[in-house]
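Dear colleague,

I am passing on the structure below, with notes on what was found in it. Please read the notes with the structure open beside them.

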Amino acid sequence: MPSRLAEAFRDHPVDLHQNHLDFNSAREVPDSYAWPPLGDETLGDYKYGVESVPIIDLSDPVNSVKEQMGRACETWGVFQITNHGIPMSLLEKVQAEGRRLFSLPAQQKLKAARSPDGISGYGVARISSFFPKLMWSEGFTIVGSPAEHARQLWPQDYSKFCEVMEEYEKEMKVLAGRLTLLMLGSLGITKEDIKWAGPRGEFKDACAALQLNSYPACPDPKRAMGLAAHTDSTLLTVLYQNSTSGLQVLRGGKWITVPPITGALVVNVGDLLHILSNGRYTSVLHRAVVNRTYHRLSVAYLYGPPMNVQISPLSKLVNPRNPPLYRPVTWSEYLGTKAKHFNKALSSVRLCAPLNGFVDVNDHNRVKVG
């Protein structure tokens, strides 16, 4: 039985370029994958301390964690977490299973290709339809059980992949619920203020997808794009990027590399949390670049509310000086908006300009006016 999240993606299809390049045999970047050259002048260099994505230790006192998260969400829209409780051994197993999947021959992987109106399975990024060039990456999406597609990849040996992914999803759901309460708690919001949180704040009806992304080594990385700039339609996304850099976030007009930290996880604010916070927390624009030498694998946990719950600015954050900036929208409805408007989706559900002196620019930067 398909999950409600899978049904929502099915109800809002996008026109994907189903061109699958054999990256391992490519000796140059084909024209269909050739993006305008990536210039170094827009890159912030974390190695020299120009700018640094916040790192938050979840073992710190709760009030300190909330304060740090609130500051990071307002100023960056992204942060890294350590001491999060996900065993390193599990992260390594997920990494190993992901590499096992993407190392299969191209024709074998295509046996598990997602259907044109589906979300689960092997294929290109859903955002591909919004760009004229293809991306130097491949993905595998899991919504619900991975068994059906894993059976296509390994007819006699799919159980290990399923067990690892299901264990990871279980752990991540608990962590994502905890992060949601902490991030909203930094705004003074409690679990009692969120009807769909449940009596113990366990968010048991929350919906999520697991996304494995593969970025093969590229012969000309400055002319290719691993994953084009976008915001997530989620409440939040939790990313394990292992040891190879490639994730970049936009801040102050510069692309800042998020440095890999052993065992750490990257957390970024999604569009729905931006709406809940009435625009205070930044839905961060991010992308993935590739490199010449290393194959990079990342694992993203895309976390959102129950599909049919109305998401709107929380009442505690709204007053005459700060009117609601966005109309109520369900995740299911918003996925349809995203499929149509992409990075302009937030603007399309906006009600009015804020009165507190801030306006959104291109849906992802907040600047002071007047």
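Which residue forms a salt bridge with D31? The partner is K133, and the closest N and O atoms of the two are 3.5 Å apart, where a salt bridge is taken as a side-chain nitrogen of Lys or Arg within 4 Å of a carboxyl oxygen of Asp or Glu. D31 lies in the loop between α1 (4-11) and β1 (43-44) and K133 in the loop between β4 (121-123) and β5 (138-142), so the pair ties together parts that are 102 residues apart in sequence. D31 counts as exposed, at 59% relative accessibility, whereas K133, at 22%, counts as partly exposed; buried means under 20% relative accessible area, exposed over 50%, and partly exposed in between, with a 1.4 Å probe and protein chains only.

Before going further, please bear in mind that this is a predicted model, in which local features need pLDDT of at least 70 and side-chain atom pairs count only at pLDDT 80 or more, while totals for chains, interfaces and linings use all residues. Residues are numbered from 1 along each chain as its sequence is written, and side-chain values use heavy atoms, with hydrogens and water left out.

As for the whole protein, its secondary structure comes to nine helices and 15 strands, these being DSSP runs numbered from the N terminus (helices H or I, at least four residues; strands E, at least two). Of its 370 residues, 55% count as buried. Among contacts (heavy atoms within 4.5 Å) with a separation of 6 or more, 78% are accounted for by residues 24 or more positions apart.

The structure holds 13 salt bridges. One of them joins E97 to R100, with the closest N and O atoms 2.8 Å apart, and both residues lie in helix α3 (residues 88-102), three residues apart, about one turn of the helix. E97 counts as buried at 3% relative accessibility, while R100, at 22%, counts as partly exposed. E97 and R100 also belong to a network of salt bridges that links them with D157 and K160.

Another salt bridge is formed by K338 and D271, whose closest N and O atoms are 2.7 Å apart. Here K338 lies in helix α8 (residues 331-341) and D271 in helix α7 (residues 271-276), so this pair ties together parts that are 67 residues apart in sequence. Both K338 and D271 are buried.
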